[in-house]
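Please read it alongside the coordinates.

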Amino acid sequence: MNKPHIVIVGAGYGGIMTAVKLQKQLGKNEAEITLVHKYDYHFQASCLHENAAGTLHQDHSKIKIKDIINRSKINFIIDEVVSIKRNSKKIKLKNKELHYDLLVIGLGFEPRAEGTPELDEHAYSITDINSARFVREHIEYNFASYANAIKKDESSLNIVIGGGGILGVEFAGELINQIPVICREYDIEKTQVHLYMLEEGKSFLPGFDEKLVHYAATSLQSRGVEMIHNAKLKECQANKVIYESEGKEHTISAATFIWTGEVQANPVFEKAGLILKNKKIEIYPNMHTTIDDSIFVVGEYAYAVDENGEEVLPTAKKALEEAAVAAKNIASKIRNKELISCRPVKQGVLATLGRDDGVAAIQNRRVFGWKAVLVKRISDNYYLFQLGGWQLLLKKGNFHLL
Ligand SMILES: Cc1cc2nc3c(=O)[nH]c(=O)nc-3n(C[C@H](O)[C@H](O)[C@H](O)COP(=O)(O)OP(=O)(O)OC[C@H]3O[C@@H](n4cnc5c(N)ncnc54)[C@H](O)[C@@H]3O)c2cc1C
């Protein structure tokens, strides 16, 4: 290959780590590398629920991309991917078109609940820094409106979280701790505020064992989260949420509905003719797609199975492992060397329940309370170290004692 052009789209966990690894592994004369991302910063998605609840300022989760990449090796373009034309090896961005020889897809998920179009209009989601800030400001705005209104509308103080997976539970844990703070700010009695969590399945935190789920539910309920399971979302309007449970329809008056449930594949993939499996892109263990060996996929949309053939769920750790393999294989491809395989192992599970509480299962051991939070802090800090060394760790690391 004659100085190939490698294009990486999306600078989330998978995309940015691929870029950082490639800039170390490839010499300037071996390849041209371009990174395309929506913003001039990378963000730690694993902290977004804290940004949305207002317990951590969003600036803390942002990392300027120019501070991490070596600009003599990587061209950085702030733009948005619109489509991928595989036949001509071109990527259409909003503002320009790029040709690629090798492409790395690291785009994140799109929030959506199938069959509930009103979600687009009335539901909030937590997918990036701007959406997290919007959720926080929307909640504060409603509390402020309530405090100032002559005719009080109780729905302003009701918040519904749709989806009882990790994101829903983590957000509920942060928000329920923050509600007394917001109430003090706007002179509202905290008993007037209701935080509901709806889960369609019969239990919260799918993938967690019974004891962990029980611990999490008890912790959240004791702080006031009203957890409703077997609740199928039917409709979401500006001031109400309708769900069905045991054949009956129920309505909650609420000005805030945050959807954290099912996500959909980025529409760019389907249009590019990539083969999807369970809404993810089918890949070989060496990380390139089954249909096109010039396209690698890392992170959220790389369909991976463990040694038992079970799907490995997307996590930051999975994205990082895949990024390391993708970068190594891209360098090998350029140097005509053999490619290696990514061997995903079923990882543990972890959900924080606020600043000092959480649950986790790590190597078949259950972890409860502050110890689970500590595991998450260590893993987040280690990530910063991998990405930008001591400098980034000292700048952005979370060293707060519990
Ligand atoms: C609130 C929250 C808490 C989480 N907590 C944890 C946790 O504690 N531990 C854990 O392991 N995982 C956690 N996760 C999951 C983890 O963040 C994801 O699995 C991980 O981010 C996936 O990495 P990725 O690189 O595939 O995608 P992402 O990190 O989502 O990055 C994709 C990037 O692509 C950009 N992008 C999207 N579309 C375009 C486009 N068209 N053009 C250009 N750029 C685009 C996006 O802005 C985004 O920055 C959490 C997720 C959330 C939302």
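Lys38 touches Ile78, Asp79 and Glu80, leaving aside residues up to four places away in sequence; contact means heavy atoms within 4.5 Å. The structure is a predicted model, in which local features need pLDDT of at least 70 and side-chain atom pairs count only at pLDDT 80 or more, while totals for chains, interfaces and linings use all residues. Residues are numbered from 1 along each chain as its sequence is written, and side-chain values use heavy atoms, with hydrogens and water left out.

Lys38 sits in the loop between strand 2 (32-37) and strand 3 (41-43). Helices (H or I, at least four residues) and strands (E, at least two) are DSSP runs, numbered from the N terminus. The relative accessible area of Lys38 is 41%, which makes the residue partly exposed; buried means under 20%, exposed over 50%, and partly exposed in between, with a 1.4 Å probe and protein chains only. Lys38 and Ile78 are 40 residues apart along the chain, and their C-alpha atoms are separated by 5.5 Å.

**Sheets**

Strands of a sheet pair through backbone hydrogen bonds, either parallel or antiparallel. Two strands are taken as paired if DSSP finds at least two bridges between them. An open sheet of five strands, paired in parallel, has the order 5-2-1-9-22. Its edge strands, each pairing on one side only, are strand 5 (74-78) and strand 22 (295-297). Neighbouring strands of this sheet are turned by 20° against each other on average, direction ignored. Axes are lines fitted to C-alpha atoms, for helices over the stretch in contact, and angles run from 0 to 180 degrees between N-to-C directions. Strand 1 (residues 5-9) and strand 2 run parallel and are joined by five bridges. Within this pair, His5 has Glu32 in strand 2 as its bridge partner.

An open sheet of three strands has antiparallel pairing and the order 15-16-17. Here the edge strands are strand 15 (232-236) and strand 17 (248-253), each pairing on one side only. Four bridges join strand 15 to strand 16 (residues 240-245), and the two run antiparallel. The bridge partner of Leu233 in strand 16 is Tyr243.

**Helices**

Helix 1 (residues 13-25) lies across strand 1, strand 2, strand 5 and strand 9 (102-105), and runs at about 150° to strand 1. Two packed helices are described by the angle between their axes and the distance between the axes. Two such pairs are tabulated.

| Helix pair | Axes come within | Crossing angle |
|---|---|---|
| Helix 1 and helix 9 (residues 316-334) | 8 Å | roughly 35° |
| Helix 5 and helix 6 (residues 166-185) | 12 Å | roughly 35° |

Helix 1 passes helix 9 in a right-handed crossing. A crossing is left-handed if the near helix is turned anticlockwise from the far one by less than a right angle, and right-handed if clockwise. Residues of helix 1 including Met17, Lys21 and Leu22 meet residues of helix 9, among them Leu320, Ala324 and Lys328.

Helix 5 (residues 129-148) has 20 residues and reaches 28 Å from its first C-alpha to its last. Its buried residues include Val135, Ile139 and Phe143. The crossing of helix 5 and helix 6 is right-handed. Val135, Ile139, Glu140 and Phe143 in helix 5 meet Phe171, Leu175, Ile182 and Cys183 in helix 6.

Definitions and conventions. The expected span of a helix is 1.5 Å times one less than its number of residues.
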